[in-house]
Amino acid sequence: MSLKHAVLAALLEGEASGYDLAKIFDVSVANFWAATPQQLYRELERLSEAGLIAARVVHQERRPNKRMFSLTDAGRRDLVAYTSRPPRPTAIRDELMVQVQACDEGDTDAVRGFVRERMEWSRGKHARYERLREWMLDGRDEETYLREAERIGPYLTLMRGLSLEEENLRWGERVLAVLDRRRTARQQA
């Protein structure tokens, strides 16, 4: 996947400024695609030059003018073509996993601390995703939302983010329990 398609998909929500897109990426897209505001602005320029999005300037008093971006018909066609291709397999590159793999010879206490930190990060992300879920549902139950909402893609990706963070927490608890048992066994030996 490229940032190009993540931006095009985010613009399915409607016209947005670069600032708005950065907030969208930070809140609802972050569970599957990360991008800095600088990357987003560069990509918006490329997409505009390619004719996949249209930009218009909104004049503001007391603030700098802002550019609003929206999908063009070419951008929509590009998304159709993109969603018809099989995705590439996910490749995980996670430094913590390398540290855990090496913990038998490395600093196990430090690794335990890093696992705890990752769990706290996952708890925070999970809480943000739950708040977003409640906002999206807006008092509806999930089945009603999935049946009646105009767009369900953002909710479905949010569900994946929630389950990923839940699994990260389960994994972290298991790792800490195993490392604690091994430490206790070594201390008793």
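In the predicted model, Tyr155 touches Arg133, Met136, Leu137, Glu142, Tyr145 and Leu146, residues up to four places away in sequence not being counted; contact means heavy atoms within 4.5 Å. Tyr155 lies in helix α8 (residues 153-188), where helices (H or I, at least four residues) and strands (E, at least two) are DSSP runs numbered from the N terminus. Tyr155 is buried, at a relative accessible area of 0%; buried means under 20% relative accessible area, exposed over 50% and partly exposed in between, with a 1.4 Å probe and protein chains only. Between the C-alpha atoms of Tyr155 and Met136, which are 19 residues apart along the chain, the separation is 7.6 Å.

Residues are numbered from 1 along each chain as its sequence is written. Because the model is predicted, local features need pLDDT of at least 70 and side-chain atom pairs count only at pLDDT 80 or more, while totals for chains, interfaces and linings use all residues; side-chain values use heavy atoms, with hydrogens and water left out.

The protein chain contains eight helices and three strands, in the sequence order α-β-α-α-β-β-α-α-α-α-α. Its radius of gyration, taken over C-alpha atoms, is 21 Å, well over the 16 Å that the globule rule gives for 189 residues, so the chain is more spread out than a compact globule; the rule is 2.2 Å times the number of residues to the power 0.38. Along the principal axes, the C-alpha atoms fill a box of roughly 70 × 45 × 40 Å. Of the 189 residues, 30% count as buried.

Helix α1 (residues 3-10) and helix α2 (residues 18-29) have axes that come within 11 Å and cross at roughly 100°. The axes are lines fitted to C-alpha atoms over the stretch in contact, and angles run from 0 to 180 degrees between N-to-C directions. Helix α1 is therefore roughly perpendicular to α2, a class covering 65 to 115 degrees, with angles under 35 roughly parallel, over 145 roughly antiparallel and the rest oblique. Leu3, Ala6, Val7 and Ala10 of α1 meet Leu21, Ile24 and Phe25 of α2 in this contact.

The largest nonpolar core has 19 residues, of which Val7, Leu8, Leu11, Leu21, Phe25 and Ile53 touch the most other members. Such a core is a set of buried Ala, Val, Leu, Ile, Met, Phe, Trp, Tyr and Cys residues joined through side-chain atoms within 4.5 Å. At least two residues each come from α1, α2, α3 (37-49) and β3 (66-71), and α1 supplies the largest share, five residues.
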